[in-house]
Amino acid sequence: MDKVKIALQYLMPKHLVSRIVGKFAAAEAGFVTTAFIKWFIKQYGINMSEALHSNPEAYKTFNDFFTRELKPGLRPIDQGKDIMVHPVDGAVSQLGPIEDGRIFQAKGHHYSALALLGGQADDAARFEEGDFATIYLAPKDYHRIHMPIKGTLSKMTYVPGELFSVNPLTARNVPGLFARNERVVAIFETEKGPLAMVLVGATIVASIETVWAGTVTPPTGKKVFTWDYPTEGPEALTLEKGAEMGRFKLGSTVVMLFAKDAIDDFAEGVKPEAVTRMGQPFAKLED
């Protein structure tokens with residue numbers, strides 16, 4: 001059955017299906033939208049008591065529901081100066097060192113940091129001998145993405161690609177998955193060197209947004225596009241630790257790349273399959 005599921009993903013017109021679903025997710029369809037939201041809550045066991053608006057009827061579109069805010073103070077940000085925090089609610093897929101420019105995906109599968117970053121050799125060089133972490137967001141999770149550490153935006157890259165599912169089954173069976181799917185790469189300058197936040201698209205992910213550029217995709221492109229940003233002066237964009245930096249409209253994966261010697265060690269209990277909660281300790285920074 002697993003082989004059938006993977007084979008169907010290769011055959012499915014993933015971009016077309018995703019855009020059709022995206023149209024519905026953005027539509028104000030009244031009772032149809034509300035009914036679908038109620039079904040989704042029940043199907044995936046979503047804890048609506050955490051949401052700022054717990055009543056499904058408060059959301060005009062499915063996208064509004066999916067990117068719902070949490071109640072204030074529900075995800076306190078660890079303020080330790082030497083602590084990097086989880087950027088999202090989700091589960092750790094993999095984490096560890098970047099070895100010979102390669103990132104571990106799952107047993108038997110690696111991919112290159114160069115491919116993940118859209119073939120930008122100068123960017124990939126900045127993360128040589130660094131570390132990575134991949135976090136999967138399930139449908140039930142909170143889908144806003146936050147900063148694990150204070151950083152100033154220096155570059156954004158849109159990379160076209162496939163829209164395979166990014167669930168654990170697909171990660172185990174599709175080579176180079178995260179460097180194969182459509183994605184948005186944001187690079188920040190931090191006190192511990194560069195930080196790459198890679199927002200990976202997936203089947204039926206209707207949109208990837210950032211707080212500074214709004215919707216980056218769709219529309220889907222066919223070429224790699226890059227935007228450079230000033231890191232000094234009045235136009236520089238600096239986001240504090242815990243600040244929102246983007247969001248998924250329907251769930252996906254975040255891959256983070258860290259510079260060499262940025263991380264001393266990952267926090268206790270942070271390992272593959274561990275549940276993550278935004279704002280809790282993720283790693284201890286190198287002195």
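Predicted model: local features only at pLDDT ≥ 70, side-chain atom pairs only at ≥ 80, totals over all residues.
Residues are numbered from 1 along each chain as its sequence is written, local features need pLDDT of at least 70, side-chain atom pairs count only at pLDDT 80 or more, and totals for chains, interfaces and linings use all residues. Side-chain values use heavy atoms, with hydrogens and water left out.

Begin by selecting residues 31-44, which make up helix 3 (helices are DSSP runs of H or I with at least four residues, strands are runs of E with at least two, and both are numbered from the N terminus). Its 14 residues should span 20 Å at 1.5 Å a residue, and the end C-alpha atoms are 20 Å apart, which agrees; the expected span is 1.5 Å times one less than the number of residues.

Next, colour Thr33, Thr34, Ile37, Phe40 and Ile41, the buried residues of helix 3 (buried means under 20% relative accessible area and exposed over 50%, with a 1.4 Å probe and protein chains only). Seen down the helix axis, these buried residues fall within an arc of 125°, so they line one face of helix 3, the arc being that of the directions from the axis to the C-beta atoms. They pack against helix 4 (62-66), where contact means heavy atoms within 4.5 Å. On the other side of helix 3, Phe31 and Lys42 are exposed, and the helix is followed by Gly45, whose phi is positive, near 60°.

Now move to the open sheet, in which three strands lie in the order 1-18-16 with antiparallel pairing (two strands pair if DSSP finds at least two bridges between them). Strand 1 (83-85) and strand 16 (263-266) are the edge strands, each pairing on one side only. Finally, select strand 18 (residues 281-285), which three bridges join to strand 16, and find Ala283, the bridge partner of Phe266.
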